[in-house]
Amino acid sequence: MSEIAQPSPIAVPLGAVRPLLRNWRRHVPLMLVAPLLIYMLVLYALPVLAMLLRSLNDPTWTLSHYTALFEDVVFAKTFWITFNTSVIVTLGCLILGYPVAMGLVRAKTMAPLILVVILLPFWTSVLVRSYAWMVLLGRHGLINEGLLALGMIDRPMRILNTSLATQIAMIHILLPYMILPIANALRQIDPSLLRAASGLGATPFMTFRQVILPLSMSGVAAGTLLTFVLALGFYITPAMVGGPRDITLSMLIAQEVDQLNWAYAATLSAVLLATALGILAAARHLPGVGNAFRMSMR
Amino acid sequence: MNRTDRGASVSLAELEKRYDRVNAVDGVSLDIHSGEFLTLLGPSGSGKTSTLMMIAGFETPTAGDIAIDGTSVVAMPPYRRNIGMVFQNYALFPHLTVEENIGFPLKQRGVPKAERARLVAEALELVHLPGYGERYPRQLSGGQQQRVAVARAVVFKPRLLLMDEPLGALDKQLRENLQLEMRRLHADLGITFIYVTHDQEEALTMSDRIAVMNDGKVAQVGSPEDLYDRPSDRFVAGFIGESNFLPAIVRGMEDDVVITECDGALIRAMCPGRPASGDRVTLTTRPERLRFADSAWNATTPQNRLSVTVTEAVFAGERCRYMLQATDGTSMVLKEPSSAAIRRRAIGERAEISWSVADTILV
Ligand SMILES: Nc1ncnc2c1ncn2[C@@H]1O[C@H](COP(=O)(O)OP(=O)(O)OP(=O)(O)O)[C@@H](O)[C@H]1O
Ligand SMILES: [Mg+2]
C-alpha cells in the first residue's frame, strides 16, 4: 500500500498488550494453580510467618528466645524425647515394613488386598486410631484381657500411657509411609537380575544381601526420611496414649500456646520446622527421595 | 584334558512346560553333546526361552526330564546347577562395577579376593575389555555390556553356557562381529553352548547343530547343511532360507529317488521314505538352485525341467530375482547371479527352467 497509516490512539495500548496476549498459553498452568496458591498464601503461609516472627520480635527484635533455649532444661529434655521417639518409631517401621513391602511386590493375586490393608490407616483419622489404641492397650483392653486369659500374666500390665504405647501407635500410623517407598523401589528391580544372581550361584539369602537390599536402598532412605520427619511433629497420639512424662515438642508447643506464651511457642515451632526442613534438605540429593514423595501423595 | 571333557552333555527327555492353557514346550527330546554349539531356532513363541529357562532351573518342567552329564537336575535349584547364562537384556547388576559383576559368581563360590581379581582380569582379557573393570554397566555401550555379561557367565568355568538371544539388541554390524567372537570363544573354552535365536542366518553361521522349534516341538535337528539341503518338513524348509513349494503326485521310485508328476512334467526328488504311487506330496527347492535352461550352463548331474512364465523381475545388485509361474498356477522364485553375460528376462516371457534332482526334496 502506498499510504502510510497514521498511528491511531488505541494502537499504543494494544501494542503493549499484544505480546502478553500472544504468550497467554504459557501462563495457563500458573492461572490454574493461582486460586489455591492465593488461598495457601493468605490462610496458611502468612499466619505461619506471622507466628514465626513472634520468636524474633516479641516484645522487641531479639534473638534472646533462641539463645535461651541453650540453657532450657525442659526444651533439651523434650527435644531428646521427640528425637528418641522418632528414631525408635522409624526403626520399628523399617523392621516391620520392609518384609511387608517385599510381600506386596512378590504377591500376585493377593497384592490388592495387601495394599488395602496397608492403606487402611490412611482412610481413618489419627484421632480415631489413637482412641482405638487406647481401647486395645488399656488396663482392661484387649491385649491385657487376652494375655490374662492365656495365663501369660497374673495382673494387667500398664501399657497405656507409657512410651511403649506411643511407639506402638505411631508405628502403626506411620507404617504406610515406610512401606510404599520401599515397595516402589523393590518393584523397579528387574526380575531378570534375581534370576541372573541365582544362575550365577547366589542362594536366595545371598541374592537378598547382594542384590535386592542394595537396589532397594533408595526406597529405604526415602521411607526412613519421610517417617522420621513426620514422627518429629506427632502430637495427638503421644498426647493420648503416651506416658505423662513423655512430652514431645509438639505437645510442649501446645502447652505454651495454652498459657499464651506466644514467643516461646513460636521459638519451639521454628526449631521443629528447621529440624524437619534441615533433614529434608540434607537428604534431598538421595536418589529415590523424589519418587517416594510422589508415591505418598497419590 | 581332552577338549570335549570340558563341556557338559545335556539330555532333554519328553520335556514339557504347560502354562494355563498353552503348551509352551510340548514334548522336546534332544541330546546335546559335550562341547557342542547347539542353537535353538524358531519363530516367536515357539518355546525357545521356556526350554532354556528349564535347563537353567528358573522354570520347573510340568513333565519330562533334564539330565546334565547323565544326572537329572530337575529338582536342583538354579544356584546349584553351575550353568553360565547370558540374558537378552544382559541383566548386569547396576549397582556393581564391571569387576564386581564379573566377580559375582566367584564371590558366591567363596573364591578368595586375590584369586578373584586374577580370574576377573583374565575374563576381561577374554572378551577384549581390559581396563573397563572400574566402570558401571550404565557407562558401557550395548556391545560392551554384552561382553561383560559373557565374561560373567564364563568366569567360574561352567561346563555349559546358555544364551538367550544375546545379540538381539545390537545393530547388524556389531552382531556380525560378536557372532565371530562367540564362535572363537566356543572354540577357546571348549564348553557346551546352547544358544537361542530367531535369526536363521545367525543360527546357520554359528552352530554345530541347530534344533528348529515350532509350536513347542522340535521340528528337526541337524547341522546347518542338513537343515538347508534336506529339510524334513515344509515348516523347516520355509523357515530356514527361502524355498519353492511344488505340489506333485507320486508316480514311482528309482532307488531313493522318487518320480513325481508336477504340472504335466516328470520331476525327480530325493526322498528318504517310500511314498506310495498316487500320493499327493509337496516338493521343495531353493531359489538359487534353479536356472534358466537355455543359459550357457552345462549340468553334469540329473536335472528336472519345467516350463514357466516370468511374472516379475527384480534386479537386486548381486542377484536378479525372478517370480515365475508354472502352467498350473504354482508360483516360484528363481535367483540368478547378475552378470553382463546372462540375458535378463522380460516380464511375460516364457522360459524353461532346470535344476538338479539332488536339490529337490520331498517334504
Ligand atoms: N509365564 C508365562 N505364562 C504364560 N504363558 C507363557 C509364559 N511364558 C511363556 N508363555 C507362553 O509360552 C509360549 C512360548 O514362549 P517362549 O517365551 O518360550 O517363546 P520363545 O520361543 O522364546 O519366543 P521369542 O522368540 O518371542 O522370545 C508362548 O506362547 C508364550 O506366550
Ligand atoms: Mg524368547
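# Helix packing and contacts, question by question

Visitor: Why are H12(A) and H13(A) called roughly antiparallel to each other?

Guide: Helix H12 (residues 249–258) of chain A and helix H13 (residues 262–283) of chain A pack at about 160°. Angles under 35 degrees count as roughly parallel, over 145 as roughly antiparallel, 65 to 115 as roughly perpendicular, and the rest as oblique. H12(A) and H13(A) are therefore roughly antiparallel. The axes, 8 Å apart here, are lines fitted to C-alpha atoms, for helices over the stretch in contact, with angles from 0 to 180 degrees between N-to-C directions. Helices (H or I, at least four residues) and strands (E, at least two) are DSSP runs, numbered from the N terminus.

Visitor: Before we go on, what sort of model is this?

Guide: This is a predicted model: local features need pLDDT of at least 70, side-chain atom pairs count only at pLDDT 80 or more, and totals for chains, interfaces and linings use all residues. Residues are numbered from 1 along each chain as its sequence is written, chains are lettered from A and ligands numbered from 1 in the order in which they are written, and side-chain values use heavy atoms, leaving out hydrogens and water.

Visitor: Which residues of H12(A) and H13(A) meet?

Guide: Among them are A:Leu252 and A:Ile253 in H12(A), and A:Leu268 and A:Leu272 in H13(A). Contact means heavy atoms within 4.5 Å. The residues of this contact of H12(A) with H13(A) divide into nine nonpolar, two polar and one charged. In this scheme Ala, Val, Leu, Ile, Met, Phe, Trp, Tyr, Cys and Pro are nonpolar, Asp, Glu, Lys and Arg are charged, and the others, Gly among them, are polar.

Visitor: And what makes H4(A) and H10(A) oblique to each other?

Guide: Helix H4 (residues 73–106) of chain A and helix H10 (residues 204–232) of chain A pack at about 135°, with axes 9 Å apart. That angle falls among "the rest", so H4(A) and H10(A) are oblique to each other. By class, their contact has 13 nonpolar, six polar and one charged residues.

Visitor: Why is H5(B) said to be roughly parallel to H6(B)?

Guide: The axes of helix H5 (residues 142–154) of chain B and helix H6 (residues 172–189) of chain B come within 12 Å and cross at roughly 15°. That makes H5(B) roughly parallel to H6(B). In the contact, B:Val150 and B:Val154 are among the H5(B) residues that meet H6(B).

Visitor: How is the area buried between chain B and chain A known, and how much is it?

Guide: Buried area is the accessible area (1.4 Å probe) that two parts lose on being put together, summed over both. Between chain B and chain A this comes to about 1700 Å², with carbon and sulfur atoms giving 65%. B:Tyr79, B:His95 and B:Gln108 supply 35% of the area that chain B buries against chain A, more than any other three residues. The contact involves 20 residues of chain B and 18 of chain A.

Visitor: What makes the peptide bond of A:Asp58 and A:Pro59 worth a look?

Guide: A cis peptide bond joins A:Asp58 and A:Pro59, with omega about 0°. Most peptide bonds are trans. A:Pro59 lies in the loop between helix H2 (28–57) and helix H3 (64–69) of chain A.
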